Amino acid sequence: MESDGIESVTSLDMMDEDEIHGRPHHFVSVPKPHNNSINIPGTTSVHELLECPVCTNSMYPPIHQCHNGHTLCSTCKTRVHNRCPTCRQELGDIRCLALEKVAESLELPCKYCSLGCPEIFPYYSKLKHEAVCNFRPYNCPYAGSDCSAVGDIPFLVTHLRDDHKVDMHSGCTFNHRYVKSNPREVENATWMLTVFHCFGQYFCLHFEAFQLGMGPVYMAFLRFMGDETEARNYTYSLEVGGNGRKLIWEGNPRSIRDSHKKVRDSHDGLIIQRNMALFFSGGDRKELKLRVTGRIWKEQQNPEGGTCIPLCS
């Protein structure tokens with residue numbers, strides 16, 4: 001019979017030794033929460049009870065347990081091949097309903113509190129917040145490989161410089177030249193990434209070739225190393241041309257919260273079709289020679305007139 005609430009914890013003094021060590025039990029007894037601060041007599045807190053022993057993340061329903069009462073999260077249940085990681089007994093399909101019920105009453109800090117997030121949420125709202133928390137780590141913005149590095153912006157800047165050997169520049173203007181001997185071979189195209197430091201922020205300039213329809217296109221775009229709300233404070237322009245013609249792109253940089261693939265596939269940047277790229281290159285149209293120039297600026301609100309004043313460092 002399922003209990004609606006558990007008011008007390010059985011004292012170890014009242015239990016026979018065979019009850020402690022030999023008799024299997026199917027739920028964890030915890031006291032009824034009071035003011036969202038719960039401690040089991042002894043040293044174990046409910047927050048510790050809700051920590052999965054395998055991945056150490058907080059457990060969310062369904063919370064599983066073995067016949068001896070050891071709990072773990074549903075994700076790790078499949079990883080341990082249905083064997084309890086604590087006592088090696090078969091797990092079966094036993095739910096720890098008591099622990100799930102206690103979890104409903106808890107409020108917990110965001111798991112990124114050590115990175116600066118001050119928020120506290122009801123237990124079941126915590127996951128939703130953490131998926132979009134502004135303090136969550138960023139993924140590595142390097143596009144040339146499937147890099148799994150995550151961290152804050154200073155860490156990623158160092159990582160890009162030392163591990164990916166990315167060029168670092170200071171200033172808000174840039175002038176890049178892209179040369180390729182066979183513009184038809186997209187699969188061997190160079191992935192270019194350059195990091196710029198200006199206005200106290202970091203920006204990633206991407207330039208690459210990829211297949212679109214029947215032929216290759218060339219694309220340049222800028223990503224801001226920070227959140228989307230901050231990215232909207234900046235504008236950038238890109239220009240490519242030759243033979244008396246030019247293409248210009250202007251827009252807000254995308255945050256690196258958006259993956260490189262997402263930005264590229266949305267075509268949110270300067271796109272140059274192959275024929276136009278060859279026209280800009282001049283010569284016999286067998287070699288690609290593109291020069292991409294651009295600048296980054298920040299628009300500051302004018303407190304008197306309400307207009308935006310472009311700033312450039």
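Q: Does K180 count as buried or exposed?
A: This is a predicted model, in which local features need pLDDT of at least 70 and side-chain atom pairs count only at pLDDT 80 or more, while totals for chains, interfaces and linings use all residues. Residues are numbered from 1 along each chain as its sequence is written, and side-chain values use heavy atoms, leaving out hydrogens and water. Buried means under 20% relative accessible area, exposed over 50% and partly exposed in between, with a 1.4 Å probe and protein chains only. The relative accessibility of K180 is 11%, so K180 counts as buried.

Q: Which strand holds K180?
A: Strands are DSSP runs of E with at least two residues, helices are runs of H or I with at least four, and both are numbered from the N terminus. The run of residues 173–180 includes K180, and this run is strand β9.

Q: What distance separates the C-alpha atoms of K180 and K289?
A: Along the chain, K180 and K289 are 109 residues apart. In the model, the separation of their C-alpha atoms is 6.8 Å.

Q: Why do the buried residues of α6 line one face of the helix?
A: In α6, residues 153–162, the buried positions are I153, L156, V157, H159 and L160. The arc is taken from the directions from the helix axis to the C-beta atoms. Seen down that axis, the buried residues line one face because they fall within an arc of 165 degrees.

Q: Which residue has its backbone nitrogen within 3.0 Å of a side-chain oxygen of D152?
A: D152 is placed at the start of α6. Its side-chain oxygen reaches to within 3.0 Å of a backbone nitrogen, that of F155.

Q: What is the mean pLDDT of the protein?
A: pLDDT is the predictor's confidence in each residue, from 0 to 100. A value of 70 or more is reached by 77% of the residues. Over residues 1–43 the pLDDT is below 50, and over residues 305–309 the pLDDT is also below 50. The mean for the protein is 79.

Definitions and conventions: Polar contact = N/O pair within 3.5 Å; in protein donor to acceptor, adjacent residues only side chain to side chain. Contact = heavy atoms within 4.5 Å.
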